[in-house]
Amino acid sequence: MQDSYFLYHSIGQYPGKAEDLAHAMAEFAAVWAAPDDAQWGYLLGKRAGFIEHWRGIIGAPEGSLTTCENVTQGLHMLMTALPPERLSGKRVLVAADCFPSNHFLLTKLQDRLGFTLETVPMRQGAAWVEPEDFLAHWGPDVAVALLTWVASTTSHRIDLPAMVAHGRTMGSLIGVDITQGAGLLPFDVADPAVDFTISTSLKWMCGTPGAGILHVAPDLISQCLPELRGWFSQPDPFNWALDRFAYAPDIRRFDNGTPGCMAAIASLPALDWHAAQDRAALLAQNRRQTARIIAAADEMGLDLITPRAETARGGSVMLRLPDSHPAPEIVAALRSAGIATDGRGQILRTSPGPVTTDDGVQTLVTALRHLLHS
């Protein structure tokens, strides 16, 4: 039942999503299977619409945002395109509570690109990396700092303006993974100005897998020479002269071969729906419902793994379950009752969103109280 859906940290839902997605896929099938030449105009137009929606969501300038499969691929596209001298002999800085997939990538890339990856650790017993610890590790030899706006395991939100201000004094390139906050919390690539941004269309954006985005600031684009390049990397993709390749002057240089459009088409209905919503109202609903979950956790004596202050957290509430009640068993029991949550170790993750009702929150609270005291 949708009113007890708490998985917006994983896959977002909105009213009518199944019908919208089915219609979009049926339309694609009809166009793609038609015995005419309308396919590519249709697909590339839909992809352009996807890009325009994302530009509006994060305030990206024209020609600064393109598609990718996921945040890891977007990060790879950016890192391997940077001038070698920007990275060689320098450090790349990440926090220990970053998205692990990005860390796996950077660990491998450091060997080839000549940088040293430094991971700022969490203090003993802490749930997230303290901002002052990250800043203490951030010196002028940091070539790139990858900031996780909202952590997926705690919903801890960094003070982005303070981080970016420090990074500017260090002369570093600053990238932000906005996956766990995009579509719910306001974000603007120019306020504070960052050098690149990566995200998915899942979570609060309610889209589908494979619909990632990469934004690169225009002044950085001109310095980048993506190693994965192809006919769509050019100003004119139909230049097929083998001795006259040239990179496009804008974000198109990060494109390569024929672009995959399916994920963008499948996610476009969700982006259309999101664009028609009152974003302040969506956030207000989330804040009301997460406040109720936090209050209930206090009533039940559960450890809160998410910051209490609204300004220091995203849209999720993470709770540590007692060892006497294994999290997989609690998640399974909630699922059986029609309540969708998940867990990481003994951490129960709850994220209310557009389809979650106040009654649904109370259903979660009542069921959780019963399970923990039975």
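View 1. The model is predicted: local features need pLDDT of at least 70 and side-chain atom pairs pLDDT 80 or more, whereas totals for chains, interfaces and linings use all residues. Residues are numbered from 1 along each chain as its sequence is written, and side-chain values use heavy atoms, without hydrogens and water. Helix 1 (residues 17-33) packs on helix 9 (residues 262-275) at about 140 degrees, with the axes 8 Å apart; axes are lines fitted to C-alpha atoms over the stretch in contact, and angles run from 0 to 180 degrees between N-to-C directions. Helices (H or I, at least four residues) and strands (E, at least two) are DSSP runs numbered from the N terminus.

**View 2. Residues at the contact of helix 1 with helix 9.** From helix 1, Asp20, Leu21, Ala24, Met25 and Phe28 meet Met262, Ile265, Ala266 and Pro269 of helix 9 (contact: heavy atoms within 4.5 Å). Eight of these residues are nonpolar, none is polar and one is charged (nonpolar: Ala, Val, Leu, Ile, Met, Phe, Trp, Tyr, Cys and Pro; charged: Asp, Glu, Lys and Arg; polar: the others, Gly among them).

**View 3. Strand 7 (residues 212-216) pairs with strand 1 and strand 6.** Strand 1 (residues 65-68) pairs with strand 7 in the antiparallel sense over four bridges, and strand 6 (residues 196-199) likewise pairs antiparallel over four bridges (pairing: at least two DSSP bridges). Ile213 stands opposite Thr67 and is also the bridge partner of Ser199.

**View 4. Both faces of strand 7 are covered.** Gly212, Leu214 and Val216 on one side and Ile213 and His215 on the other are all buried (under 20% relative accessible area, 1.4 Å probe, protein chains only; exposed is over 50%, partly exposed in between).
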